[in-house]
Amino acid sequence: MIELKNMSVNLGIFSAVRGVDLVIKPGDRIGVVGESGCGKSMLALSIMGMVPDALSTVGSLIVDGQELIDAPESTWTAHRARTMSMIFQEPMAALNPLRRIGDIVAEPLLVHDGLGKSAARARVIDLFTEVGIPQPELRLRQYPHELSGGQRQRVLIALALACNPRLLIADEPTTALDANVALRITDLLVELAQERNMALLFISHDLGAVSRATRDILVMYGGDIVERGTTQQVLQEPAHPYTQGLIAARPQISQTATRRKRLPTIAGSVPALINLPKGCRFSGRCPRELAKCASTRPRAVTTDQGSTVMCHLFEGGTAQ
Ligand SMILES: Nc1ncnc2c1ncn2[C@@H]1O[C@H](COP(=O)(O)OP(=O)(O)OP(=O)(O)O)[C@@H](O)[C@H]1O
Ligand SMILES: [Mg+2]
């Protein structure tokens with residue numbers, strides 16, 4: 001349904017996302033993890049055709065057989081909301097504080113689906129019910145500030161679902177929420193994906209939430225997908241030194257139960273785009289670095305366990 005081939009997001013000669021191949025089919029639930037700045041949001045925005053003006057998307061993005069890279073804005077507009085829809089990382093930015101939430105969610109129905117006012121209102125009530133907002137008729141008239149963080153996130157989910165997208169991209173949908181609410185929102189996204197046979201791209205720092213919500217996982221570093229496979233395989237037996245570091249740096253259960261935290265980082269930090277090494281982008285921070293890592297980009301290799309790893313340690317077939 002959606003296929004990315006060798007797709008990159010470039011800022012001049014630097015890439016924030018580098019040569020990604022990805023197929024998204026109905027009902028897929030794919031997690032995207034990696035440290036801050038590794039390109040998760042940029043990957044999501046590129047699928048939506050919404051990368052910031054300074055950057056350019058190259059390669060191929062095919063939706064239902066149609067190439068969207070370099071397609072006119074009108075083609076993108078036709079796909080957004082209907083084919084793919086996104087819950088953005090900054091939730092308050094998507095909710096105009098001066099508008100009632102019922103009007104915010106009705107807007108795509110009026111614009112994209114051409115519904116009349118009362119039909120749109122009825123549909124908003126259905127959507128609010130579907131995402132678990134109690135007393136939807138009353139809630140319609142409220143403003144964003146009158147809602148709790150969890151309820152606001154449900155409104156954003158309703159907004160993203162308004163035109164029945166086939167792919168929902170959720171960029172850090174639970175980061176701003178407390179642990180119990182985060183869990184309920186995660187489960188809601190999974191239920192919605194299953195009920196609607198909708199694909200879900202679930203971006204999160206929270207490996208626990210990703211393991212709960214997704215079947216497959218992409219581990220990103222410096223714009224590369226450095227490891228991918230089933231969520232269970234990759235989280236249980238991480239192959240790439242970067243994935244191993246991410247999992248080792250995971251906060252303890254006692255910490256995650258009380259507070260959503262960014263993962264403590266692996267030694268060093270994600271270098272700015274301009275300083276990224278030419279070869280493996282994790283070289284310089286990698287505990288198992290070989291001489292060629294900094295200069296030669298590793299190929300993606302499939303391990304015996306079925307994960308795909310972009311690391312020179314695996315190029316002989318298995319880890320050395
Ligand atoms: N508007 C922009 N213009 C130029 N470069 C940008 C812009 N936004 C982000 N970048 C760069 O693109 C790279 C990827 O950023 P991105 O926002 O995708 O990271 P992320 O993985 O989503 O991080 P986080 O976990 O903090 O959300 C970073 O190097 C960042 O500096
Ligand atoms: Mg982001």
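Visitor: Into which domains is the protein chain divided?

Guide: Domain bounds come from an automatic or database domain assignment. Here the protein chain is divided into domain 1 (2-83 + 165-314) and domain 2 (99-157). This is a predicted model: local features need pLDDT of at least 70, side-chain atom pairs count only at pLDDT 80 or more, and totals for chains, interfaces and linings use all residues. Residues are numbered from 1 along each chain as its sequence is written, while chains are lettered from A and ligands numbered from 1 in the order in which they are written.

Visitor: How many residues of domain 1 are in contact with domain 2?

Guide: Two residues are in contact if their C-beta atoms, placed from the backbone, lie within 7 Å. By that rule, 8 residues of domain 1 touch 8 residues of domain 2. The domain 1 side has 7 nonpolar residues, no polar and 1 charged. Nonpolar covers Ala, Val, Leu, Ile, Met, Phe, Trp, Tyr, Cys and Pro; charged covers Asp, Glu, Lys and Arg; the others, Gly among them, are polar. The two domain centres, taken over C-alpha atoms, are 30 Å apart.

Visitor: Which residues are closest to ligand 1?

Guide: A residue is near a molecule if its C-beta atom, placed from the backbone, lies within 6 Å of it. Ligand 1 is surrounded by 15 residues, the closest being Ala16, Ser36, Lys40, Ser41 and Met42. The shell holds 8 nonpolar, 6 polar and 1 charged.

Visitor: Which helix gives the most to that shell?

Guide: Helices are DSSP runs (H or I, at least four residues), numbered from the N terminus. Helix α1 (residues 40-47) gives the most, with 3 residues.

How values were computed. Helix = DSSP H or I, 4+ residues; strand = E, 2+ residues; numbered from the N terminus.
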